[in-house]
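Dear colleague,

I am passing on a structure that is new to you, together with some notes on what was found in it. Please look at the sequence and the model first, and then read on.

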Amino acid sequence: MQKSTLLFLLVLLSAAAYHIGRRRSLQVAGGTVRSLHSLPSYYGYYAALWCGIPALLVLFLWTAFENSIVIQLVVSALPEELSSAPPDRIGLLVNDIRNVASGAVAGEIEPAVEAAANHYLRLKDTSNRLLSVLATFVAITGAAYARQRISKEHRARNHVEKSITVFLIVCSTLAVFTTIGIVLSVLFESIRFFKEVPITEFLFGLDWSPQMAIREDQVGSSGAFGAVPLFVGTLLISLIAMMVAVPVGLLSAIYLSEYASPRFRATAKPLLEILAGIPTVVYGFFAALVVAPFVRDLGVRIGLDVSSESALAAGLVMGIMIIPFVSSLSDDFINAVPQSLRDGAYALGATQSETIRQVIIPAALPGIVGGVLLAVSRAIGETMIVVMAAGLTANLTANPLAAVTTVTTQIVTLLVGDQEFDSPKTLAAFALGLVLFLATLALNIIALHIVRKYREQYE
Amino acid sequence: MNEICEISGGSSSDRTIDVVHASLVKRRQAEKRFRLYGLLSIVVGLCFLVLLFGSIIARGYTAFQQTSIALDVYFDPQLIDPDGRRDPSALMEADYDRLLKNALSSMFLDVKERQAKRALYSLLSAGASYDLRDLVLANPELIGKTQKVWISADDDTDMLVKGQLGRTGAEGERRIKDNQIAWIDKLEADGRIKKSFNTAFFTSGDSREPELAGIWGAVMGSLFTLLVTLSLSLPIGMAAAIYLEEFAPRNRWTDLIEVNINNLAAVPSIVFGLLGLAVFINFFGLPRSSPLVGGLVLTLMTLPVIIIAGRSALKAVPPSVREAALGVGASPMQMVFHHVLPLAVPGMMTGAIIGMARALGESAPLLMIGMVAFIVDVPQSIMEPSTVLPVQIYLWADSPERAFVERTSAAIMVLLVFLIFMNGLAVYIRKRFERRW
């Protein structure tokens, strides 16, 4: 039986168990539902849970361990000369066997591999059958057990609610597990990377060229992993982005919240926020196709030497993307400033702009700074724009007209395409990911802390 | 505050009011200027928006049309079906390319040289012979007859007809040569060139040939990925929001969860891609490039969005509803599921749709888990390798062919239409079902 069919069968069985449980409860109640502890449907749910959950657990555990056990069995059944090979050779062999088993290989097939593939298929088949029988058995046993437990005094609702609570708790802890997963996955690979490349060289080295030499005499493949040029490039592009986004975003937030008529605000604000909803890949395309050539032509006309993948173009477009982010956050904070402060300033004879510049902005400043920090963290982590519009070669420069590369660009170029998983080249991507994660995490924590403190101030 | 300070500190000779009057003009100008800056920055933002949409539409709308060339094809029985048995497998194998070449050669009899002939044949799409094959398979009576058939043109021909490929400049640097231009002009003068709606763009998978490349594979990939994301993130996100908002005791553990959720909402998406690569692919051994893995990664990414939206929707339900439910004897669980949740569902749905829209536009983490592979087949299940619409856009944007520029823009337009639809739906639900207490 296919796993999806089995899953469907389990759902059907659970539905049946619901009915059985419900009927049973009505039966024990003998027509007076009031004498039951819980409503009849709770007995139904109780039976359904007992039917479905153990069987699902069996299904998931089985699926999780099935593959490795089957592979182990296949490998141990291989002829002597094959199974005594080194582990990585065995890994390749297992891949071959799988491919043959799935029929994805055309042409010559070694007889030993073919035999193993058949063995693999047989084992898979047996395992599937065993699983079907076992899961169905567990489901039916569970339903029978639940049915037998049902009585007038049985607290079915409490049991059902307890299991729902457990489900809710598990779901809410997923966020924590995600964070742990992120940290562990980047940390482990990074530690392996730092065993090959010293951490000081990675953090303070000035030379980045991750191409490893395949042959000894290859030119230009030094395999240097000094990430400073990437950090500088990332900061440069983020700085340009902020120079676009902060003034435009802040000023438009001020205009929208202080000057604009309600009607103007109701149209302009959603329009500006469209900018935030556009996928980053679209910005990347826009940057590469429209903005970068425009910047280059402009530079040529003035007589400047502008790279076609200049940091300026990428930063400019990234700034456009962040405008609504800055503006909606600042808008919130400006609106949170109490009206009494404005009234006080007006009473002293200040004009509206004086009030804004000298009273409202200083009062909202912590919040705005927090918002800008969040925007910086977003700019640092932005990927598609820089992948499509910034350069690929590391270049230690602060010149916005030159091509620079960023942390995220390098992660993508290192991990996309053909790769072996254990080379320092791919591991370097995880080390960069770790740096990126830590940097944005620090920025976020600081920003959220500032924002929360500020919010409390006026609440 | 300078002016005001001076006033209060003021010199004794002038009356304060005179100083104020003297500075008023300047202050009013400053006021106007400031106001103008604000307006200007909004205009700048909106200009960028218009520029973005304008440039994409201007480049992309032509992709919805495809040039085709009319050829009088003689369905030569000798070539298609020499033994005359109409055997489908024989019909499948036949040399349809030859038919096309014959048809073209018969129109341009003066082309004799091999190189010139090759240039002539390259006016047609590389996939044209398959179209012809399908035509014959569907209607074997054609064999032995001559019929006018519209054959889709090669991407360079297409670009030239659409006027996007330069006719001037050194011939060596042009993708399309002088003799080809002459042939195309002759065909056009004969009325043998037409532009029709580009169905292939919507119905086929990716291809190296721009005229054969379509978005259907990517759309299906996106659909499967979003299905996985939705079916996981919606229940999990709602459950987490309910627990945190309604049941969770205020303690260190729930604080930790909250901090985590807020942080995850701001973690760069590419880091989720690294997580997916390390955990789902390398550790659990799930198939690379599959919508399943993509959906799992996007689930983790959208969960914070859904949880935060769900919590604020639950928070908006007034406590009186809860108290009334508890007052008539509902258990806390019944109170939440029977009374609070139905009132909060519209708000939760709005958050979920916005989360889905974000997931639909996301590409960086999917690059990490191998969804950038070149995949021609349209995926049929969540386990098959596939790509998604934004990644398809990224792939096409990287392709050197001129014709991919308009296709990229067109794909972006399709993506934006989906996003606008989803966001519109979210706004509609909010407007329609939102209740204010």
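The domain bounds used below come from an automatic or database domain assignment, and the model itself is a predicted one.

**Domains**

Chain A is divided into domain 1, which covers 3-154, and domain 2, which covers 222-458. The centres of domain 1 of chain A and domain 2 of chain A, taken over C-alpha atoms, lie 49 Å apart. For chain B the assignment gives domain 1 (2-61), domain 2 (66-200) and domain 3 (216-433), and the C-alpha centres of domain 1 of chain B and domain 2 of chain B are separated by 64 Å.

**Where the chains meet**

The contact between the two chains takes 70 residues from chain A and 68 residues from chain B. On the side of chain B that touches chain A, the largest share, 17 residues, comes from helix H2 (residues 16-60) of chain B. By class, that side of chain B has 50 nonpolar, 15 polar and three charged residues.

Helix H6 (residues 156-196) of chain A and H13(B) have axes that come within 9 Å and cross at roughly 70 degrees. Angles from 65 to 115 degrees count as roughly perpendicular, so H6(A) is roughly perpendicular to H13(B). From H6(A) the contact is made by Gly181(A), Ile182(A), Ser185(A), Val186(A) and Glu189(A), and from H13(B) by Val271(B), Leu274(B), Leu275(B), Ala278(B) and Val279(B). The residues of this contact of H6(A) with H13(B) divide into seven nonpolar, two polar and one charged.

**Helix pairs within each chain**

In chain A, helix H2 (residues 40-76) and helix H5 (residues 111-149) pack at an angle of about 160 degrees, and their axes are 8 Å apart. Because angles over 145 degrees count as roughly antiparallel, H2(A) is roughly antiparallel to H5(A). The crossing of H2(A) and H5(A) is right-handed, and their contact has 23 nonpolar, four polar and three charged residues.

In chain B, helix H16 (residues 332-361) and helix H19 (residues 403-433) pack at about 170 degrees with their axes 9 Å apart, and H16(B) and H19(B) are therefore roughly antiparallel to each other. On the side of H16(B), the residues of the contact include Pro346(B), Met349(B), Ile353(B) and Leu360(B), while those on the side of H19(B) include Leu415(B), Phe418(B), Met422(B) and Phe433(B). The contact of H16(B) with H19(B) divides into 15 nonpolar residues, three polar and one charged.

**Single residues to look at**

Thr280(A) is found in helix H10 (residues 280-302) of chain A. With 24 C-beta neighbours inside 10 Å, Thr280(A) counts as buried. Leaving aside its neighbours within four places in sequence, Thr280(A) is in contact with Met321(A), Glu382(A), Thr383(A), Met384(A) and Ile385(A). Thr280(A) and Met318(A) are 38 residues apart in sequence, and their C-alpha atoms are 8.9 Å apart in space.

Ser289(B) has a positive phi of about 65 degrees although it is not a glycine. Ser289(B) is found in the loop between helix H13 (269-283) and helix H14 (291-316) of chain B, and with 21 C-beta neighbours inside 10 Å Ser289(B) counts as buried.

Asn102(B) belongs to helix H5 (residues 96-107) of chain B, and with 15 other C-beta atoms within 10 Å, Asn102(B) is partly exposed. From Asn102(B) to Asp72(B) there are 30 residues in sequence and 9.6 Å in space, C-alpha to C-alpha.

Gly84(B) has its place in the loop between helix H3 (77-80) and helix H4 (88-93) of chain B. Gly84(B) is exposed, with 11 other C-beta atoms within 10 Å. Its separation from Ile143(B) is 59 residues in sequence and 9.5 Å in space, C-alpha to C-alpha.

With best wishes

Key. Residues numbered from 1 in each chain as written. Chains lettered and ligands numbered in written order. Predicted model: local features only at pLDDT ≥ 70, side-chain atom pairs only at ≥ 80, totals over all residues. Axes fitted to C-alpha atoms, helices over the stretch in contact; angles between N-to-C directions. Helix = DSSP H or I, 4+ residues; strand = E, 2+ residues; numbered from the N terminus. Parallel < 35°, antiparallel > 145°, perpendicular 65-115°, else oblique. Left-handed = near helix turned anticlockwise from the far one by under 90°. Nonpolar A, V, L, I, M, F, W, Y, C, P; charged D, E, K, R; others polar. Buried ≥ 20, exposed ≤ 12 C-beta atoms within 10 Å, placed from the backbone. Contact = placed C-beta atoms within 7 Å.
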